[in-house]
Amino acid sequence: MAFKEAAKTSDVKVAFSHCSYLINLAAENNEILVKSIVALTHEVERCSELGLAYCVLHPGAAGSQDFELAIQKIAAGLNTVLQNTAGSKVMILLENTAGQGTSLGGSFENLKQIYDLVKSDRIGYCFDTCHAFAAGYDIRSENGIKETFEKFDEILGLDKLKVFHLNDSKGDLGTHLDRHENIGKGKIGIVPFKYIMNNFEHIPKVIETPKEDDWDKINIELLKSTVHK
Ligand SMILES: [Zn+2]
């Protein structure tokens, strides 16, 4: 397979996928719920075939259901997918969200509630800086980012943090706006990115910043420049 061949000689050490945004394991509509479980099962199977370590998933949105029920549905869906793909090593990483609308996963406590109903070593987490900030975690200062990770460790366990999404934020603290900005150019600023680059060297990171012009290159060079030599 071309991907596997290329992966052997690539500098990229860990590769992982992001699930379709159409997947909603908390869907109210049963047809959508079933389709979501099938789609996630296929995603995990594809990752297995390609030798990817993880697939990143937004937990889901409750719609008009209460959060308790939505959480139970997400956990049941995850359990089904894990059973469907028993024998696979691929981990499903729950991504913290901006908590926009009725989205679940805006708080660490919320992710923990889902995890507690699944409790599988194939579940881990992806930390998105923009989402955390928009959800109300004030990560702008070194103290703020430190405290946020202390909280993360206490509630979820840093050993289960497998991937970073590094994005600055167009929206302000606690606005629940999921709008990504170039690194250091948004409301978050460079401080927490510097902290993450120097304290979590072993965890893979991707940027999901605006794709115009040379910005990918500029963002990556800026992030690399923050690493203490
Ligand atoms: Zn993300």
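Student: In which helix does E43 lie?

Tutor: Helices (H or I, at least four residues) and strands (E, at least two) are DSSP runs, numbered from the N terminus. Here, E43 lies in helix 2, residues 30-50. Please note that this is a predicted model, in which local features need pLDDT of at least 70 and side-chain atom pairs count only at pLDDT 80 or more, while totals for chains, interfaces and linings use all residues. Residues are numbered from 1 along each chain as its sequence is written, and side-chain values use heavy atoms, with hydrogens and water left out.

Student: Is E43 buried or exposed?

Tutor: Buried means under 20% relative accessible area, exposed over 50%, and partly exposed in between (1.4 Å probe, protein chains only). E43 is buried, because its relative accessible area is 11%.

Student: Which residues does E43 contact, leaving aside its neighbours within four places in sequence?

Tutor: Contact means heavy atoms within 4.5 Å. With those neighbours set aside, E43 is in contact with S17, H18, C19 and C55.

Student: Which residues coordinate the zinc ion?

Tutor: Donors are N, O and S atoms within 2.8 Å of the metal (3.2 Å for Na, K and Ca); water is not among the atoms, so sites may look incomplete. In this model, E95 (OE), D128 (OD), H165 (ND1) and E208 (OE) coordinate the zinc ion at 2.1 to 2.3 Å. Of these, E95 in strand 3 (residues 91-95) and H165 in strand 5 (residues 161-166) link distant parts of the chain, 70 residues apart. Both E95 and H165 are buried.

Student: How do helix 4 and helix 6 pack?

Tutor: Axes are lines fitted to C-alpha atoms, for helices over the stretch in contact, and angles run from 0 to 180 degrees between N-to-C directions. Helix 4 (residues 108-116) packs with helix 6 at an angle of about 20°, and their axes are 10 Å apart. Helix 4 is therefore roughly parallel to helix 6; angles under 35 degrees count as roughly parallel, over 145 as roughly antiparallel, 65 to 115 as roughly perpendicular and the rest as oblique. At this packing, F108, E109 and K112 in helix 4 meet T148, K151, F152 and I155 in helix 6.

Student: Is T148 buried or exposed?

Tutor: T148, which lies in helix 6 (residues 142-155), is buried because its relative accessible area is 5%.
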